[in-house]
Each structure stands twice: as C-alpha cells, then as structure tokens.
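This report goes through the side-chain packing and pairing in one protein chain. Please keep the sequence and the structure at hand while reading.

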Amino acid sequence: MPPHAPASSPSPRPSAPKRVNLWEGWLRRSKGRPFPFQKETWQAYLEGGSGLVHAPTGVGKTYAVWGGPLLEWLQEHPESASWPRPPEPLRVLWLTPLRALANDTVASLQLPLRELGLPWTVELRTGDTSSAVRQRQRRRFPTALVTTPESLSLLLSHADTREKFAGLRAVVVDEWHELLSSKRGVQAELCLARLRQWLPGLRVWGLSATLGNLTQALEVLQGASFDMSRSRLITAPVRKKFALKTLIPKRVERFPWAGHVGLGLLPEVIRQIAGKRTTLLFTNTRSQTEIWFKALSAARPEWEETISLHHGSMDRAVREEVEARLREGSLRCVVCTGSLDLGVDFSPVEQVIQVGGPKGVARILQRAGRSGHRPGAVSRLIGVPAHALELMEFAAAREAVEADAIEARVPLEAPLDVLVQHLVTVALGGGFVAADMLAEVRSTHAYRRLSDRDWQWVLDFVVRGGKALGAYPQFQRVQEVEGKLVVTQPALARFHRLSIGTISSDAALAVRLQRGQHLGSVEESFIARLKPGDTFSFAGRALELVRVRDMTAVVRLSKKPSRTVPQWLGGYMPLSSQLAAAVRRQLAEAREGRFAGREMQALAPVLRLQEQWSRLPAPDELLMESASTREGFHYFLYPFAGRLAHEGLAALAAHRLARLAPRTVTLTMSDYGFALTTPSPLPMDEPTWRQLLSPGRLVEDLLECLNTGELAKRKFREIARVAGLVFQGYPGSGKPMRQLQASSGLFYDVFRRY
C-alpha cells in the first residue's frame with residue numbers, strides 16, 4: 001500500500017471522482033454529512049469561479065472554501081504513489097483579521113491534510129511570527145499561508161515576492177465583514193488588486209457569518225474591474241438556533257440607571273457559570289474585563305485555577321495559553337473582549353455571557369456563536385445589563401435577531417492615506433509605472449472613482465512631499481529610475497516597513513515584571529497618572545509600579561489591594577443603527593402601554609416613572625430635558641442614535657451656540673443622547689433649538705466645528721501615521737505619546753495654514 005494512502009484504503013484511488021469521495025469521506029467521518037452549500041462552493045471553485053460564502057457560525061464555512069483547492073490538487077494528482085515528496089509550493093493565501101483566529105485557522109486547515117496524508121503544509125505569518133520563521137518562509141513559502149492584511153502588504157514590499165507567488169491559485173479572506181468597512185479592508189482591496197495584476201486567473205473567496213449587505217460585500221471583494229458573471233454569492237440555507245436569555249434584577253427600581261460595569265448582578269452570573277462546564281464571559285471594554293475577572297476571583301477563590309482572562313493588550317504567549325486551555329476544556333470561565341469574537345472554534349464552550357448592552361445585532365450573533373460551535377447545536381447567550389435601560393437593549397436585540405435585521409457594513413471610499421502607504425509599498429516591491437498603477441488602483445471598489453486630480457496629488461505627495469513638505473528630503477520617498485517609481489534610500493525602506501498597517505492606537509508601554517516576564521501593554525496616558533509604589537490590576541494580577549524606563553513599565557507582584565485598572569482610549573462600542581431603531585420601537589410600544597417580553601416587563605416601572613416625570617418620546621419626536629446644579633445648567637437631548645452620531649451632534653450644537661453668543665459649553669454623550677452644560681442658562685424655546693439642529697448649512701457648519709475643535713486634529717494623528725508622516729519608533733524604543741502628538745499637531749497646523 002502506498003505510504004500516503006489512508007489505512008482504510010486497500011489500494012491507490014486512480015480517478016478524480018474517487019478522490020472527491022476521499023475528501024467527502026473524511027468530512028463525513030470528522031464533521032458529518034457535507035451541506036449542499038459546501039458542495040456548491042467546491043464546484044464553483046473547480047469551475048474557476050470566485051465568490052462569497054455567507055453562513056452561520058459553526059456550520060462549516062472554512063471547509064466549504066478549503067475543499068475546493070484540495071479537490072483541485074487531488075484531480076491533478078490522481079495517483080497517490082506519484083504525490084510529490086517535498087511539500088507543494090504556495091497555492092493558497094488565507095487572510096484573517098485576528099491573530100487568535102489565525103492560530104485556530106491553521107489548526108483547522110492542517111487537520112484534513114494530516115489525516116489524509118496530503119503533501120501540503122500550512123503555516124502562520126503575522127506580526128507575532130519570529131524573524132527566523134519569516135526569513136525561512138520567504139525562502140520557501142508553505143502550501144497555504146495564513147496571514148493578516150498587514151503582513152501581506154509587508155510581503156508586497158519585497159521585490160522577489162512576485163516570483164515566489166507564481167504558483168498562487170486562490171486567496172481566501174476570512175471574516176470579510178470585519179474588514180469591509182475599515183481601512184484594513186481597503187488595504188486588503190489594494191493588495192488583492194496587486195495580486196490580480198500578477199495573476200489574472202487568481203480566484204478570491206470571502207467568508208462571512210453576519211452581514212446585511214451581501215451583494216455589495218461581494219462587489220467590494222471582487223473589485224470594480226472583476227467579471228461579476230464569474231462571481232458567486234453562496235448562502236447556506238442553514239438556520240442557526242440561538243437561545244438568548246437576559247438576567248433580570250430583582251428590583252429594577254434599585255438597579256443602576258447609568259454605568260457600564262454591571263457588577264450588581266455578580267451573584268446571578270456566578271450561579272450561571274457554576275451550572276456549566278465552560279463559559280465565555282464577554283465584556284465591551286478591556287477595563288471591564290479586568291474588573292470582572294478580579295470580582296469573580298474575589299467572590300470564588302476556589303476557582304482560581306479554572307478562570308482566566310483574555311484581551312488584546314495581554315502578552316501573546318499568555319493569550320495562546322488561555323486559548324489552548326479553552327480547547328482542552330480545562331477552564332471553567334474566560335473573561336474576554338472582542339479578542340475572542342471571531343470564528344475561533346472552542347468546542348467545550350457551553351454558554352456565552354454578555355456583560356453590558358450588545359450594541360449591535362451582528363456582534364451579539366458573533367458572540368453567541370462561540371457556544372454550540374458545530375452544526376445543529378444551539379448557541380446560548382445570557383445577557384447581563386449593566387444598567388436598567390440595557391434591559392431594553394437586550395429586548396431590542398432579540399427582536400432584531402428574530403427579524404434577521406443584521407447591520408450592513410458600509411465600505412470606505414478612497415481614503416488617500418491608505419493609498420499613499422500602498423504606493424510606497426509597491427515602489428519598494430520592485431517599483432511601478434504611474435499609468436499602469438492608476439489602472440490597477442481604479443480596479444478596486446474603494447478607488448473606482450478616483451479622480452485624476454486626487455491621483456496627481458497622491459503621486460506628488462509620495463514623490464515630493466506635496467506643496468508643504470517639498471523642502472524636506474525625508475518626505476521625498478519615491479524617485480523615478482529608468483521609467484519606474486521606486487524607493488532608493490535604505491533608511492526610508494526600513495522606516496516604511498516598520499510603519500505598514502492602518503491600525504492606529506495610542507502609544508503603549510510594555511508591562512514587564514522585574515524578573516523579565518512580559519505581561520502585555522497599557523497606554524502611556526494611564527501609566528503617566530501613576531507614581532512608583534502605586535498599585536493596579538492588569539492581566540489578572542495585582543501589580544506595583546517600580547519604574548518607567550525605555551517605554552517599559554517595570555512592575556512587581558503586589559499583595560496590596562487596588563481598585564485601579566488600566567483605561568484604554570477608544571474602547572467604547574457605539575450603538576448600531578439597526579439596534580438603535582429597535583430600541584426606539586421598544587420605547588414606542590412602552591409609550592402605548594405595551595411591554596412585551598421579560599425585559600420590558602421588568603423595565604416597566606422605570607419607564608412609567610420616566611413618563612410621569614417627563615415623557616417617553618414617539619419615533620418622530622426628539623426628547624429634550626433641562627436641569628440646573630452647582631456645576632451649571634444642563635440640557636439633555638435624546639436622539640437614540642448611538643455614541644458616534646451624538647458626538648457629532650453635540651459638537652455641532654455647541655459650535656452653533658458659541659456662534660450665537662460667546663460661551664463655554666461642556667459636552668457629554670452616551671448611546672442614548674448627549675448633554676450640553678453651560679455656566680449661564682440657554683433659551684428653551686422651540687425656535688432656538690430648531691435653529692441649532694437645523695439641516696441648513698449642515699455640511700459647512702459641521703466642517704467648521706470639526707476644524708475649530710480638537711476632533712479633526714485627533715483624527716488627523718491617525719491619518720498622519722498611516723500616510724507615513726509620523727513614526728512610532730523602532731521596536732523596543734517607541735516615541736513617547738507627547739512627541740507623536742506634537743509631530744502630528746505640527747503637520748496639522750502647517751497643512752491648515754498652507
């Protein structure tokens with residue numbers, strides 16, 4: 001018997017149809033009978049097509065797209081005796097948005113290869129991959145490479161990548177909905193356009209579980225110049241079963257009316273955890289994760305060895321250890337954030353607990369899908385409101401899930417900072433001809449309508465630094481050599497490769513024990529508030545700050561209790577439009593005296609009190625309230641449109657108020673509304689407020705208020721980093737946050753002036 005044949009095969013299988021049965025047979029033994037949507041995907045791939053597979057979590061999307069390349073190879077190599085001894089060169093590139101998801105994907109892809117004896121290799125390449133492994137991979141890539149958009153962009157900055165990608169047959173973009181409406185998604189679009197230019201027959205497949213605008217998502221993935229007649233949108237007709245339950249406080253009148261921690265229901269949460277073998281407890285912020293882990297540990301010290309926490313600021317090795325223990329089923333509970341949101345298969349997980357409002361329909365489905373992560377199983381989620389009105393959020397989420405009202409992800413249009421970065425990347429990777437590059441860029445959905453004027457501006461920016469920076473050689477990054485635009489300075493090449501990516505965050509300090517163990521990272525703004533000897537909780541440990549040196553916070557374990565936990569900026573999740581609309585419908589029903597469901601029935605006393613003291617707004621009404629305290633005069637407006645919309649509305653209203661008369665206005669916003677606080681009273685007549693919220697001159701006034709405030713300058717810091725204007729430093733010697741702010745702020749002022 002040939003050495004690669006499975007034990008159950010008495011002889012080599014000579015024909016392609018039997019090879020199909022070999023793959024399907026493995027799938028039946030391991031995962032159950034293949035679904036029709038999986039077979040449809042395999043056939044579409046074998047016919048040379050590209051597409052998007054949309055299916056609920058846990059029903060087999062991964063093997064739906066993985067089966068196509070495997071079947072194609074088996075048809076090309078029908079005799080197992082002739083299977084090549086060295087592993088096959090690169091054939092599949094698998095893009096993933098999360099490193100935790102990448103580790104799990106590698107394991108899933110390797111499983112059938114190992115059991116079928118196929119001469120394929122699967123490896124991982126992310127920012128966490130060691131330099132030795134990266135160098136080995138560039139000498140010879142594995143058959144399937146699992147990587148991130150940032151790592152793919154970095155590969156494209158090397159001139160020999162085109163030759164090494166010559167055998168690439170397919171690109172799979174996992175969790176496409178997560179990338180779609182972000183600059184990372186645009187970065188992926190540009191990388192795919194480069195690969196299609198190299199390999200015209202390349203097939204591109206996307207995977208998604210929760211998405212409302214599927215047709216548009218397919219169009220963005222395949223690009224503006226792609227033949228959509230060769231694209232397939234494959235939707236699995238498999239209805240995933242969800243069981244959504246909300247913990248109800250015993251006396252809602254005594255339950256908090258504000259806040260986001262949610263510890264008031266800690267005893268009930270502990271009872272839920274005790275009743276199951278393994279639970280994922282999701283929170284909406286990393287700070288909340290630290291607080292809940294500490295509270296669970298204090299309440300049930302006997303669980304010390306069986307509970308853990310997981311978030312993106314913890315050290316990679318610690319996170320991987322938690323993931324491994326989850327897979328083996330040795331953890332009772334993991335307190336986590338979105339770091340475990342996507343596609344990670346932890347079969348032992350029996351239930352998911354969501355602390356705080358879900359903020360989005362897709363998010364609650366994603367998190368619920370971490371339990372029952374297999375076909376036919378029920379995904380169970382328990383909602384834990386942090387304050388009374390979040391009972392209404394959970395009721396609205398259930399209504400939206402039942403109505404299948406999943407959020408659409410709106411794709412970005414032509415972000416020029418991402419294009420600037422990509423042009424320098426391509427100039428590093430062998431160079432480009434301007435006219436050819438313009439056609440390639442316009443083949444993407446994001447830049448399909450890029451104007452000649454914007455293109456010339458971008459070219460001038462990377463070649464001369466634009467009109468404002470032409471006198472500075474460090475911003476003349478690309479030069480024309482023999483008809484091609486290339487990067488000629490090694491220092492600029494190193495600078496750019498270390499800056500590739502579109503994820504912007506505040507400067508972070510490494511947290512390291514005195515004995516050397518790395519625990520993770522926290523933002524500099526948090527450490528700046530501490531002095532040596534102060535204690536705080538991080539990564540599930542009580543720590544004492546010893547000193548700060550070379551962008552590292554050196555700490556030691558402490559026995560002193562501390563209520564201080566790190567705060568991460570930008571950690572709030574805004575209420576989505578779909579969920580906000582569902583909340584308004586719940587309010588409208590309550591206004592008519594109808595309280596459907598356990599959540600709304602429990603909330604009824606609070607809403608009746610609100611109606612008695614003020615008013616419950618109808619769907620076409622805007623509720624406004626006012627109050628005065630020692631801090632000043634407060635004006636509350638409740639559009640129920642989500643934190644991001646309220647941030648813009650509050651800034652606009654304050655700008656228009658200041659234009660009417662000079663005054664100081666303090667802004668506060670939440671998912672339900674925003675507040676304006678002034679030292680002197682404002683007129684409360686309807687005409688004045690209609691003028692403040694008028695759609696007249698909306699764009700002009702909005703731009704004015706953004707430019708006169710700090711919002712635009714704060715956002716520009718992210719743009720400046722992506723476009724390569726500011727540098728966060730070399731590994732291990734990052735620049736302090738104040739230096740980055742000064743750099744981007746200086747550029748902002750110069751560009752505004754000139």
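Which residues does glutamate 440 touch, not counting residues up to four places away in sequence? They are Ala193, Arg194 and Gln197. The model shown here is predicted.

Glutamate 440 belongs to helix 17, which covers residues 434-442. Its relative accessible area is 7%. The cut-off for buried is under 20%, so glutamate 440 counts as buried.

Arginine 125 is part of strand 3. With a relative accessible area of 5%, arginine 125 is buried too. Leaving aside neighbours within four places in sequence, its contacts are Arg134, Gln137, Arg138, Leu145, Val146, Thr147, Thr148, Ser151 and Leu155. From arginine 125 to lysine 531 the C-alpha to C-alpha distance is 38 Å, and the two are 406 residues apart in sequence.

## Nonpolar core and surface patch

The largest nonpolar core contains 83 residues. Within it, Leu280, Leu281, Leu296 and Leu603 have the most contacts. Helix 15, residues 390-402, gives the most to this core, contributing eight residues. For leucine 603, the residues touched are Val252, Ala388, Leu389, Leu391 and Met392, when residues up to four places away in sequence are not counted. In soluble globular proteins, nonpolar side chains tend to be buried together.

Some nonpolar side chains are found on the surface instead. Leu698, Val699 and Leu703 form a patch there, and together they have about 270 Å² of accessible area. Valine 699 sits in helix 26, which spans residues 698-708. Its relative accessibility is 55%. Exposed means over 50%, so valine 699 counts as exposed.

## Aromatic pairs

How many aromatic pairs does a search of the whole structure find? The search returns 19. Tryptophan 73 is in helix 3 (residues 61-76), whereas tryptophan 120 is in the loop between helix 4 (99-116) and strand 3 (122-125). The pair therefore ties together parts that are 47 residues apart in sequence. Both tryptophan 73 and tryptophan 120 are buried.

Phenylalanine 141 and phenylalanine 165 also form an edge-to-face aromatic pair, with 5.5 Å from centre to centre and 70° between the planes. Phenylalanine 141 is in the loop between helix 5 (131-139) and strand 4 (144-147). Phenylalanine 165 is in the loop between helix 7 (161-164) and strand 5 (170-173), so this pair ties together parts that are 24 residues apart in sequence. Phenylalanine 141 counts as buried at 6% relative accessibility, and phenylalanine 165 counts as buried at 0%. Elsewhere, ring pairs join Tyr472, Phe475, Phe716, Phe747, Tyr748 and Phe751 into a cluster.

## Salt bridges

The whole structure contains 38 salt bridges according to the search. In one of them, glutamate 150 is bonded to arginine 184 by a salt bridge whose closest N and O atoms are 2.7 Å apart. Why does this pair tie together parts that are 34 residues apart in sequence? The reason is that glutamate 150 lies in helix 6 (residues 149-156) and arginine 184 in helix 9 (residues 183-198). Glutamate 150 and arginine 184 are both buried.

Lysine 359 and aspartate 671 form another salt bridge, with 2.9 Å between the closest N and O atoms. This pair links distant parts of the chain, 312 residues apart. Lysine 359 is in the loop between strand 12 (351-355) and helix 14 (361-368), and aspartate 671 is in the loop between strand 23 (666-669) and strand 24 (674-678). Are lysine 359 and aspartate 671 buried or exposed? Both are buried.

## A partly exposed bridge and a network

Arginine 615 and glutamate 621 form a salt bridge in which the closest N and O atoms are 3.1 Å apart. Arginine 615 is partly exposed, having a relative accessible area of 40%. Glutamate 621 is partly exposed as well, at 27%.

Salt bridges can also be followed through several residues. Glu72, Glu76, Glu88, Arg91, Arg169 and Arg203 are linked in such a network.

How values were computed
Residues numbered from 1 in each chain as written. Predicted model: local features only at pLDDT ≥ 70, side-chain atom pairs only at ≥ 80, totals over all residues. Heavy atoms only, no water. Core = buried A, V, L, I, M, F, W, Y, C linked by side-chain atoms within 4.5 Å. Buried < 20%, exposed > 50% of the residue type's maximum accessible area, 1.4 Å probe, protein only. Helix = DSSP H or I, 4+ residues; strand = E, 2+ residues; numbered from the N terminus. Contact = heavy atoms within 4.5 Å. Patch = residues over 30% accessible without salt bridge, like charges linked within 9 Å, V, L, I, M, F, W, Y side chains within 5 Å. Areas by Shrake-Rupley, 256 points an atom, 1.4 Å probe, with all protein chains shown as cover. Salt bridge = Lys/Arg side-chain N within 4 Å of Asp/Glu carboxyl O. Phe/Tyr/Trp six-rings, centres within 6.5 Å; stacked < 30°, edge-to-face > 60°.
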